[in-house]
Amino acid sequence: VSSLSEISKVRATIEAVSMELDDPCSYKLGIMVEVPAVALAADQFAKAVDFFSIGSNDLTQYTLAVDRGNDLVGHLFSEFNPGVLSLIQKTIAAASRAGIPVSLCGEMASKPGAIPLLLGLGLRQISASWTYLPEIRELIRHLRIDECEALVARALLETDAEPVHEMC
């Protein structure tokens, strides 16, 4: 999704199909936040949907203009980049203001080093590979939100991903 008009068209189609049913259905409509334009306008998008899911892989790739599969530039791909973190923060804050749920999926959700950042950014739901869940659960039990928020404050002052990655 990259425009509000896409959401309007999908909602109109769902409602039209639902009206054709003997028992019209209720539904929740959400979007994947995967492009910077949506994250930057997250307040407007949050008014149009019932939930957000942040796609960390695509959001990182599109924000940094780096193809992680390209051997020449793949090393520049990092979810720990302060610009990426700022977009995630804006999305979470917009969802909170609108009172809609927000989750995050993608490789970032399975990286234990990213968990303190995500908690500090205000995220409370992730979609991670089941193989990482025991480790992530155990990590979360030992973290304090105020310390995670302080980590985020320091991370957002950086200009590169490497110092942020080292902090985590």
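Asn 57 lies in helix 4 (residues 56-64), where helices (H or I, at least four residues) and strands (E, at least two) are DSSP runs numbered from the N terminus. The model is a predicted one, in which local features need pLDDT of at least 70 and side-chain atom pairs count only at pLDDT 80 or more, whereas totals for chains, interfaces and linings use all residues. Residues are numbered from 1 along each chain as its sequence is written, and side-chain values use heavy atoms, with hydrogens and water left out. With a relative accessibility of 16%, Asn 57 counts as buried (buried means under 20% relative accessible area, exposed over 50%, partly exposed in between; 1.4 Å probe, protein chains only). Beyond its neighbours within four places in sequence, Asn 57 is in contact (heavy atoms within 4.5 Å) with Arg 68, Phe 77, Glu 79, Gly 106, Glu 107 and Met 108.

Strand 1 (residues 30-33) presents Ile 31 and Val 33 on a covered face and Gly 30 and Met 32 on an uncovered one. In a regular strand the side chains alternate between the two faces of the sheet. Strands 1 and 2 (residues 51-55) run parallel and are joined by four bridges; two strands pair if DSSP finds at least two bridges between them. The bridge partner of Ile 31 in strand 2 is Phe 52, and that of Met 32 is Ser 53. Four of the five residues of strand 2 are buried, so strand 2 is largely enclosed by the rest of the structure. Strand 2 is also joined by four bridges to strand 3 (residues 102-105), again in parallel, with Ile 54 opposite Leu 104.

A search of the whole structure finds zero disulfides, a disulfide being a pair of cysteine sulfur atoms within 2.5 Å. For Cys 105, the nearest cysteine sulfur is that of Cys 168, 19 Å away. Cys 105 is buried, at a relative accessible area of 18%. For Cys 168, the nearest cysteine sulfur is that of Cys 148, at 9.3 Å; Cys 168 is partly exposed, at 32% relative accessibility.
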